Amino acid sequence: MTTNSPHVTIIGAGIGGLCLAQGLQQAGIAFDVYEKDAANDSRRQGYRLRLDQTGLAALAACLPPQLNALLQQCGAPPSPGVGMIDAQLSTLKDKGLQDWQQDGQPDLRINRLSLREILLAGISEHVHFGKAFDRYRERADGKVDVYFTDGSGVLTDMLVGADGVHSAVMGWRFPGVRPEESGDVCIYGTTAMAAAAHRVAPELQSDTSVLFEPGLAMVIDAMPSQPNMPPGLALTDIPDYLYWAMIGKRERFVGMEQDLQGCIAGITASWSPALQALFELADPGAITVAPIRHARPVPAWKTSAITVLGDAIHAMSPASGLGANTALADAAALLQALLDVAHGHSGLLPAIARYEHELRLRGNAAVAASRRGSIQLLGSEENPMQALVD
Ligand SMILES: Cc1cc2nc3c(=O)[nH]c(=O)nc-3n(C[C@H](O)[C@H](O)[C@H](O)COP(=O)(O)OP(=O)(O)OC[C@H]3O[C@@H](n4cnc5c(N)ncnc54)[C@H](O)[C@@H]3O)c2cc1C
């Protein structure tokens, strides 16, 4: 740490907040992370993430080399292919096939919990669980008082809202600017591979499949357990599973509020039995519904010592596979800005202003791409695969 280094308070120990924290740790910049959940695994938050080259480069910039190497080892091997199917498991020949790749490099598929465990490694003493942000107050000297719902508070040089789609920091920083519901809904869950073995279609158990039905699309991704799990790393053991996520217009999910499994059974009633089994055998406690929200662009603002990253400012549909990758890119960009401050090349506010300029461009572009993706996915047949990857 240098005398120029600010103390950074991060709200939210999610993907973006922890990635930034790792970078700050590496740089010797003091930080603390406050997370409202009681523990890393106390809530289910999606199961597999596809990290593209943007996200992976950001992680490489923030993680120490040994953790970055572990990340690569803990990812599932690239899926052998992407199959386009309908609900009878027939191949859709008219759908363009495209692997999940960026610049010829395959995405890394990783379990979200494993990723968060890696992101917590070596910094857990600075990550405070069970601390929900409540509000902040800017002091005349530029410092920030941060208050938590338990009545406690801390004084910091800089506050980063990395608290996700329902960001309370955003609520104070930009009152009235909330993401809007798109009218689409995502239902996602997992089915243990062991349970699926005899009843779910074999091709779904080894591959990535994308299913198209009118007004609804679905990805099914076979996630083998990490074959190269390094010894001694305390990662939760996650048995092989099939990850699935369906996205559709809200009208397609009749009765989901009252009986989610009944709703899925209704949607899939005429589907191939080897596909229906995926849902019948799913872990009931793992099935989750998330209304899809898209951020509205925030008009240019006056920079202060309170900034944001990730879903907090650019929430988007999971269909695009861009949300976490963009949050990671934000974290790496903010780290770079804070390194400039720590090295005496910039004052804190000019550095944050530069970061926020990039953040606006990157976030707006990602949300726009995600909106286009959702429209293509559900509203038109044109280039549907792109909608899931781009
Ligand atoms: C089913 C599904 C699949 C997805 N797949 C992909 C994918 O393959 N690739 C991809 O790039 N993206 C994917 N996404 C999107 C991705 O999950 C998000 O964009 C990403 O998690 C955003 O990271 P973040 O750090 O901004 O927020 P989050 O990871 O949501 O973290 C926010 C954290 O802040 C905490 N928090 C909230 N409020 C408070 C408070 N008041 N005080 C303290 N802490 C608080 C939360 O508990 C949480 O831990 C998917 C999303 C879903 C739902």
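## Ser370 and its contacts

Beyond its neighbours within four places in sequence, Ser370 touches His294, Met316, Ser317 and Ser320; contact means heavy atoms within 4.5 Å. Ser370 belongs to helix H11, residues 348-379. Helices here are DSSP runs of H or I with at least four residues, strands are E runs of at least two, and both are numbered from the N terminus. The relative accessible area of Ser370 is 0%, so this residue is buried. Buried means under 20% relative accessible area, exposed means over 50%, and partly exposed lies in between (1.4 Å probe, protein chains only).

## Basis of the model

This is a predicted model, in which local features need pLDDT of at least 70, side-chain atom pairs count only at pLDDT 80 or more, and totals for chains, interfaces and linings use all residues. Residues are numbered from 1 along each chain as its sequence is written, and side-chain values use heavy atoms, with hydrogens and water left out.

## The chain as a whole

The chain holds 12 helices and 18 strands. Its radius of gyration is 21 Å, which agrees with the value near 21 Å for a compact globule of 390 residues. That radius is taken over C-alpha atoms, and the globule rule is 2.2 Å times the number of residues to the power 0.38. Along the principal axes, the C-alpha atoms fill a box of roughly 65 × 45 × 40 Å.

Of the 390 residues, 54% are buried. Among contacts with a separation of 6 or more, 74% join residues 24 or more positions apart.

## Helix H2 and its two partners

Two packed helices are described by the angle between their axes and the distance between the axes. Axes are lines fitted to C-alpha atoms, for helices over the stretch in contact, and angles run from 0 to 180 degrees between N-to-C directions.

H1 (residues 15-27) and H2 (residues 53-62) cross at roughly 35°, their axes coming within 8 Å. Cys19, Gln22, Gly23 and Gln26 of H1 meet Ala58, Leu59 and Cys62 of H2. Four of these residues are nonpolar, three polar and none charged. Nonpolar covers Ala, Val, Leu, Ile, Met, Phe, Trp, Tyr, Cys and Pro; charged covers Asp, Glu, Lys and Arg; the others, Gly among them, are polar.

H2 also packs with H10 (residues 323-342), at about 35° with axes 8 Å apart. The H2 residues Thr54, Gly55, Ala58, Leu59, Ala61 and Cys62 meet Asn325, Leu328, Ala329, Ala331, Ala332 and Leu335 of H10. This contact has nine nonpolar, three polar and no charged residues.
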